[in-house]
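Subject: the structure I promised you

Hi,

Here is the structure for you to look through. Open it up and keep it on screen while you read the rest of this email.

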Protein chains: 2
Amino acid sequence: MLFQTQIDLKMRVITKVKEMQKVADELRKEGKIIGVVPTMGYLHEGHLSLIRIAKEKSDVVITTIFVNPLQFAPNEDYDKYPRDLERDVKLAQSAGCDIIFHPSVEEMYPENFLTYVEVEKLTKVLEGEFRPTHFRGVTTVVAKLFNITKPHIAVFGQKDAQQALIIKQMVRDLNFDIEIIVAPIVRESDGLAMSSRNVYLSESERKDATVLYQSLKLAEKLIEESERNSGVIISKMEELIKSKPTAKIDYIAIVDPNTLEKVENLSEGKEYLIALAVRIGSTRLIDNTLVKI
Amino acid sequence: MLFQTQIDLKMRVITKVKEMQKVADELRKEGKIIGVVPTMGYLHEGHLSLIRIAKEKSDVVITTIFVNPLQFAPNEDYDKYPRDLERDVKLAQSAGCDIIFHPSVEEMYPENFLTYVEVEKLTKVLEGEFRPTHFRGVTTVVAKLFNITKPHIAVFGQKDAQQALIIKQMVRDLNFDIEIIVAPIVRESDGLAMSSRNVYLSESERKDATVLYQSLKLAEKLIEESERNSGVIISKMEELIKSKPTAKIDYIAIVDPNTLEKVENLSEGKEYLIALAVRIGSTRLIDNTLVKI
């Protein structure tokens with residue numbers, strides 16, 4: 001508890017768009033470099049690593065905490081998504097965050113909201129096949145958050161590899177003058193990728209959930225042992241995952257990390273993204289690894 | 001010719017996105033207010049009025065000159081759209097413009113361009129019915145131009161009333177921190193609204209083209225005389241326009257100026273937008289008027 005009492009709990013939490021823009025303008029006029037870390041809150045060590053990276057690269061770190069309804073489908077977990085602002089404020093501050101932007105849904109999506117940012121192609125595969133409106137929600141809210149926090153740099157996690165790629169594409173195409181940094185996945189000691197959704201898992205599901213990471217390690221090992229056929233690698237991953245009673249696979253894919261196009265045979269000297277989504281009970285988890293052949 | 005020689009023809013013309021962003025950043029750091037006037041060039045008195053308004057409201061006026069392929073359908077006039085940069089530079093400067101941003105198509109839409117900004121509902125009616133991908137092209141390029149020129153204010157013409165409304169909606173929804181100013185239509189002495197496309201008209205078509213304005217004046221007169229039924233007003237406008245041999249009506253509509261929803265019966269105290277699109281020969285012209293009852 002000593003640790004917590006050392007933290008100034010009066011870190012600035014801004015809830016209004018206009019105020020955030022004004023603060024960002026002032027910071028920029030003072031010559032400060034602004035780094036933003038967009039999150040949906042319920043921060044874990046993964047988020048904190050993003051904040052630390054932002055802090056290294058900028059003078060002022062803004063963490064946005066907003067559970068964005070636009071990126072959830074009606075059947076998804078928007079309502080039960082975990083929220084704990086007080087805890088988030090403390091954790092963010094401990095990692096070096098200077099300002100929290102935490103708007104209401106009404107502040108972000110006032111009545112008669114009609115505008116969407118959409119990235120084609122990259123949003124239709126992998127996650128996009130299972131969550132067809134998800135990335136439209138992500139790019140729209142991130143475009144808004146960029147216009148609200150006016151950052152020089154923004155940090156995203158490689159855990160959401162497809163999201164990071166889509167954001168980079170949006171930034172390039174719409175000429176946002178922002179450097180996008182993608183930070184490595186942070187894992188629990190048994191390999192499970194950190195995720196706010198991990199709290200949904202029961203004790204036995206939590207054990208089964210390690211199979212995502214184990215299947216990625218298996219793929220890496222097979223490739224290390226010179227397997228070059230994606231079909232073979234994916235079958236062996238499937239076999240391993242299916243050994244867990246609570247696991248149901250949405251997809252496993254080996255793709256070009258820039259185009260997300262599926263690759264049948266792996267070539268020397270190239271890099272590939274191995275990505276998967278698995279439901280453990282009713283909790284949908286994703287994970288991925290980048291493999292250089 | 002004396003007039004032209006007085007103008008410094010070395011006004012800064014920037015063609016690269018990164019350079020424009022750097023210049024905009026520097027201006028903002030110096031505390032300068034940036035005003036932008038997005039155009040497709042071939043400037044006329046209408047554009048110049050926008051530049052003059054921008055100059056009144058800001059320290060530095062950037063005029064963007066870019067014939068945006070994304071807002072033309074394949075069957076439209078992208079290729080033949082009139083272009084004359086040298087003339088535009090002189091005219092813009094004479095009106096108070098400080099910087100021209102004039103990128104190439106490749107600079108704005110590099111290979112593998114995938115991101116679009118789309119406003120729903122407002123883009124589906126009036127012009128949107130006849131040009132289904134037009135406004136997606138407009139909002140996408142304007143979002144880009146805003147991120148490139150980083151303005152505090154932007155000036156658009158009421159001539160494109162639907163476009164101005166859609167831009168305002170985009171700015172509100174995506175939280176662009178930019179004030180949008182909509183400037184009145186500038187007309188030729190016989191009432192024809194200024195448009196770069198007027199150069200397409202033959203001598204006889206040019207005469208017939210005044211019928212757009214005449215029909216709007218007729219509508220205003222009918223309303224002045226207490227006509228409140230949109231159907232009656234529109235029929236009389238149609239009748240007048242059809243009296244011109246080269247004219248073909250795309251639409252005439254009386255709508256709510258904020259929602260663009262059609263209105264059957266006009267109510268006291270309210271404002272309405274009367275908008276029309278008419279093809280004169282092969283040239284498609286639009287015009288509109290705002291009427292307060």
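Predicted model: local features only at pLDDT ≥ 70, side-chain atom pairs only at ≥ 80, totals over all residues.

**Where chain A meets chain B**

Start with the contact between the two chains. On the chain A side 35 residues are in contact, and they touch 35 residues of chain B. The size of an interface is often given as the accessible area lost when the parts come together. Here the area buried between chain A and chain B is about 2900 Å², and carbon and sulfur atoms give 44% of that.

The rule finds 26 residue pairs in polar contact across the interface of chain A and chain B. Which parts of chain A make up the touching side? Helix 2 (17-29), strand 5 (115-119), helix 7 (134-149) and helix 8 (161-173) each supply at least two residues of it. By type, the residues on that side of chain A divide into 13 nonpolar, eight polar and 14 charged.

Strand 5 of chain A and strand 5 of chain B (residues 115-119) run antiparallel and are joined by five bridges. To find your place, look for A:Thr115, which stands opposite B:Val119 in strand 5 of chain B.

**Salt bridges**

Side chains of opposite charge can pair when their charged atoms come close. Over all chains, a search of the whole structure finds 48 salt bridges, and eight salt bridges are found across the interface of chain A and chain B. One salt bridge joins the side chains of A:Lys18 and B:Asp177, at 3.9 Å from N to O.

Some others sit inside a single chain:

- A:Glu118 pairs with A:Lys124, their closest N and O atoms being 3.9 Å apart. A:Glu118 is partly exposed, at 25% relative accessible area, and A:Lys124 is also partly exposed, at 45%.
- B:Asp190 pairs with B:Arg206, with the closest N and O atoms 3.0 Å apart. B:Asp190 lies in the loop between strand 7 (179-183) and helix 9 (203-208) of chain B, and B:Arg206 lies in helix 9, so the pair ties together parts that are 16 residues apart in sequence.
- B:Asp250 pairs with B:Arg284, with the closest N and O atoms 2.7 Å apart. Because B:Asp250 lies in strand 8 (residues 247-255) of chain B and B:Arg284 in strand 10, this pair ties together parts that are 34 residues apart in sequence.

**A hairpin in chain B**

Strand 10 pairs with strand 9 (residues 271-280) of chain B in the antiparallel sense, over 10 bridges. For one bridge, find B:Val278 and its partner B:Leu285 in strand 10. The two strands form a hairpin with two residues between them, and B:Gly281 in the turn has a positive phi of about 60°.

Definitions and conventions. Residues numbered from 1 in each chain as written. Chains lettered and ligands numbered in written order. Heavy atoms only, no water. Pairing = 2+ DSSP bridges. Helix = DSSP H or I, 4+ residues; strand = E, 2+ residues; numbered from the N terminus. Contact = heavy atoms within 4.5 Å. Buried area = accessible area lost by both parts, 1.4 Å probe. Salt bridge = Lys/Arg side-chain N within 4 Å of Asp/Glu carboxyl O. Polar contact = N/O pair within 3.5 Å; in protein donor to acceptor, adjacent residues only side chain to side chain. Nonpolar A, V, L, I, M, F, W, Y, C, P; charged D, E, K, R; others polar. Buried < 20%, exposed > 50% of the residue type's maximum accessible area, 1.4 Å probe, protein only.
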